[in-house]
Amino acid sequence: PFVLRRRKEEVAKELPPKTEIVQNVELSGAQRDLYETLRLAMHAKVREEVSKKGLSRAHIVILDALLKLRQVCCDPRLVKLPSAGKVKASAKLELLMDLLPEMIAEGRRILLFSQFTSMLALIEEELEKPGIEYVPVTGTTTDRATPVKRLQEGKVPLFLISLKAGGTGLNLTAADTVIHYDPWWNPAVENQATDRAHRIGQTKSVFVYKLMTVGTVEEKILALQQRKRELVE
């Protein structure tokens, strides 16, 4: 059998433009030192595991190494290691907390995605300090209708969503700004999340910000995304 598929651009020709912006973040000080220390340690551990078991049987150690490096880029407090617990600064979180008040003051409504629900919890703590209003949706949220309604009616300017929970089934056309706090290797998943705002019913231009730490594994993830896009096209 053949399945005829149409792309969104062919169906929703009246959709406003979508602009993607990669926002570079420089790690510094203790966070940069932690990243380099962890990178060297995990590199040695991965090489040892591959030499013992072969590449195909070392994938658990490889994935663990990638996870820890990605967590350091987001916020050192995500990494369950004593050395990481001593590092209090997060360059990416600081940048986010600079961006959000400006965007909200401009009247933007924002969808903020992260794969880590623990990262969303840390962001919530930071939002409480300046009193920025928000609604969260994660995989444990049972009532999704109420937070969606509050955003759509303009009662809150910010919607926090875990990437897996918010990838499908949400219509959030009141939002005109999407922030991906951390990159994911599969661009289709990110696009699906962005399309909660960039879909039929959207009347404003949509701006998509991707926060990326320079000189880290996140750069490699974005490069992988680009290769996947080219392959799909």
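**Entry 1. Salt bridges**

Which residues are linked with Glu190 in a network of salt bridges? I found that Glu20, Glu190 and Lys210 are linked in such a network. Before going further, I noted that this is a predicted model, in which local features need pLDDT of at least 70 and side-chain atom pairs count only at pLDDT 80 or more, while totals for chains, interfaces and linings use all residues. I also noted that residues are numbered from 1 along each chain as its sequence is written, and that side-chain values use heavy atoms, with hydrogens and water left out.

I recorded the rule for a salt bridge: a side-chain nitrogen of Lys or Arg within 4 Å of a carboxyl oxygen of Asp or Glu. By this rule the count is 13 salt bridges. Side chains of opposite charge can pair when their charged atoms come close.

I looked up the pair Glu20 and Lys210, whose closest N and O atoms are 3.8 Å apart.

I then checked accessibility, where buried means under 20% relative accessible area, exposed over 50%, and partly exposed in between (1.4 Å probe, protein chains only). Glu20 counts as partly exposed because its relative accessibility is 39%. Lys210 has a relative accessible area of 6%, so Lys210 is buried.

I next examined Arg39 and Glu36, which form a salt bridge with their closest N and O atoms 2.9 Å apart. Both residues belong to helix 2, and because they are 3 residues apart there, about one helical turn separates them. Arg39 is partly exposed at 33% relative accessibility, and Glu36 is partly exposed at 26%.

**Entry 2. Asp176 and its surroundings**

I found a salt bridge between Asp176 and Lys204, with the closest N and O atoms 4.0 Å apart. This pair links distant parts of the chain, 28 residues apart: Asp176 is in the loop between helix 8 (163–166) and strand 5, and Lys204 is in the loop between helix 9 and strand 6. Asp176 counts as buried at 10% relative accessibility, whereas Lys204 is partly exposed at 35%.

Thr177 lies in strand 5 (residues 177–180). Is Thr177 buried or exposed? Thr177 is buried, because its relative accessibility is 0%.

I listed contacts (heavy atoms within 4.5 Å). Leaving aside neighbours within four places in sequence, Thr177 is in contact with residues including Met103, Arg108, Phe207 and Tyr209.

I then turned to Arg108, in the loop between helix 5 (91–105) and strand 2 (110–114). Arg108 is buried at 17% relative accessibility. The side chain of Arg108 makes polar contacts of 3.2 Å with the side chain of Glu106 and of 3.2 Å with that of Tyr209. Not counting residues up to four places away in sequence, Arg108 touches Met103, Pro157, Asp176, Thr177, Phe207 and Tyr209.

**Entry 3. Helix packing**

Two packed helices are described by the angle between their axes and the distance between the axes. Axes are lines fitted to C-alpha atoms, for helices over the stretch in contact, and angles run from 0 to 180 degrees between N-to-C directions. Angles under 35 degrees count as roughly parallel, over 145 as roughly antiparallel, 65 to 115 as roughly perpendicular and the rest as oblique.

I looked up helix 2 and helix 3 (residues 59–74), which pack at about 175 degrees with axes 10 Å apart. These helices are therefore roughly antiparallel. Among the residues making the contact are Leu34, Leu38 and Arg39 of helix 2 and Ile62, Ala65 and Leu69 of helix 3.

I also looked up helix 9 (residues 187–194) and helix 10 (residues 217–232), which pack at about 90 degrees with axes 9 Å apart. Helix 9 is therefore roughly perpendicular to helix 10. Here Pro187, Glu190 and Asn191 in helix 9 meet Gln225, Lys228 and Arg229 in helix 10.

Notes: Helices (H or I, at least four residues) and strands (E, at least two) are DSSP runs, numbered from the N terminus. A polar contact is a pair of N or O atoms within 3.5 Å; within protein, one must be able to donate a hydrogen and the other to accept it, and residues adjacent in sequence count only if both atoms are side-chain atoms.
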